[in-house]
Amino acid sequence: MEQVEKEITGMIGQSNEQVKKLHEIVQKTMEEEELIVNNLLHPPKEILTRGQRISDKVARFGGSWAFICSFAVILVLWVLFNVLSPLSDRFDPYPFILMNLVLSCIAALQAPIIMMSQNRQEEKDRMRNENDYLVNLKAELEIRSLHQKIDILLEEQVQELYKSQEAQLALLKELMTKIEKLESKSR
């Protein structure tokens with residue numbers, strides 16, 4: 001009877017070992033995921049130079065409705081003043097050559113500044129896309145790894161089941177022989 005108890009205790013111990021292995025795998029995976037999540041939630045701060053901050057502000061304002069509306073109001077006032085005021089007060093008569101020069105200068109200065117801001121934004125987008133790719137790749141590798149771990153655990157469980165069944169069959173045979181011996185003694 002003690003041998004039977006030892007075998008049952010051994011089977012329970014093997015099941016406990018499998019549960020401990022699963023627990024260790026889950027805990028290790030959670031620790032790895034915690035690092036990734038922390039990096040995604042708290043990305044390193046971008047350090048901008050003064051010129052980069054200015055180019056961002058110019059691009060933000062130059063691409064806004066406030067800029068378009070204020071610029072349209074200035075142009076309308078310019079044209080109205082130079083058309084309706086007395087000839088002596090007009091600083092830019094009808095072909096509005098000075099206005100065209102000012103517009104060209106603004107466009108010539110604004111375009112490269114906006115391009116600098118867009119280039120930097122493009123670089124940030126490229127880095128973000130690269131980070132997304134790496135996260136997706138890691139997720140895929142983790143899924144593959146989990147599949148492999150599950151397959152290994154299933155194989156181990158099947159082997160343990162076979163061992164358990166063999167032990168149970170041996171116990172049953174032993175019990176059957178003992179029962180047969182008891183029956184033969186009682187007859």
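This note sets out, point by point, the main features of the structure shown above.

1. Basis of the note. The model is predicted: local features need pLDDT of at least 70, side-chain atom pairs count only at pLDDT 80 or more, and totals for chains, interfaces and linings use all residues. Residues are numbered from 1 along each chain as its sequence is written, and side-chain values use heavy atoms, with hydrogens and water left out.

2. Confidence. The average pLDDT (the predictor's confidence in each residue, from 0 to 100) is 85 for the protein, and 81% of the residues score at least 70. Among the elements, helix α1 (residues 2-41) has the lowest mean, 67, while α3 has the highest, 95. Where pLDDT is low, the predicted coordinates should not be read in detail. Helices are DSSP runs (H or I, at least four residues), numbered from the N terminus.

3. Side chains of opposite charge can pair when their charged atoms come close. A salt bridge is taken as a side-chain nitrogen of Lys or Arg within 4 Å of a carboxyl oxygen of Asp or Glu, and the count by this rule is seven. R120 and D56 form one, with their closest N and O atoms 2.4 Å apart. This pair links distant parts of the chain, since R120 lies in helix α4 and D56 in helix α2 (residues 50-62), 64 residues apart. Both R120 and D56 are buried, where buried means under 20% relative accessible area, exposed over 50%, and partly exposed in between (1.4 Å probe, protein chains only).

4. R126 pairs with E123, the closest N and O atoms being 2.5 Å apart; the two residues lie three apart in helix α4, about one turn of the helix. R126 is partly exposed at 42% relative accessible area, as is E123 at 35%. R144 and E140 also meet in a salt bridge, at 2.9 Å from N to O. Being four residues apart in helix α4, R144 and E140 are separated by about one helical turn. Shared partners join the salt bridges of E123, R126 and E130 into one network.

5. Aromatic pairs. Rings of Phe, Tyr and Trp (its six-membered ring) pair if their centres lie within 6.5 Å; planes under 30 degrees apart count as stacked, over 60 as edge-to-face and the rest as tilted. The structure holds five such pairs. The F67 and F71 rings are stacked because their centres are 5.3 Å apart and their planes stand at 20 degrees. Y94 and F96 form an edge-to-face pair, 5.9 Å centre to centre with 70 degrees between the planes. In that pair Y94 is exposed at 67% relative accessibility, whereas F96 is buried at 10%. F61, F67 and F71 make up one aromatic cluster.

6. Q110 belongs to helix α4 (residues 97-186) and is buried, because its relative accessibility is 17%. Beyond its neighbours within four places in sequence, Q110 is in contact (heavy atoms within 4.5 Å) with V58, G62 and F67. F67 is itself buried, with a relative accessible area of 16%.

7. Partly exposed V102. V102 has its place in helix α4. Its relative accessibility is 33%, so V102 counts as partly exposed.
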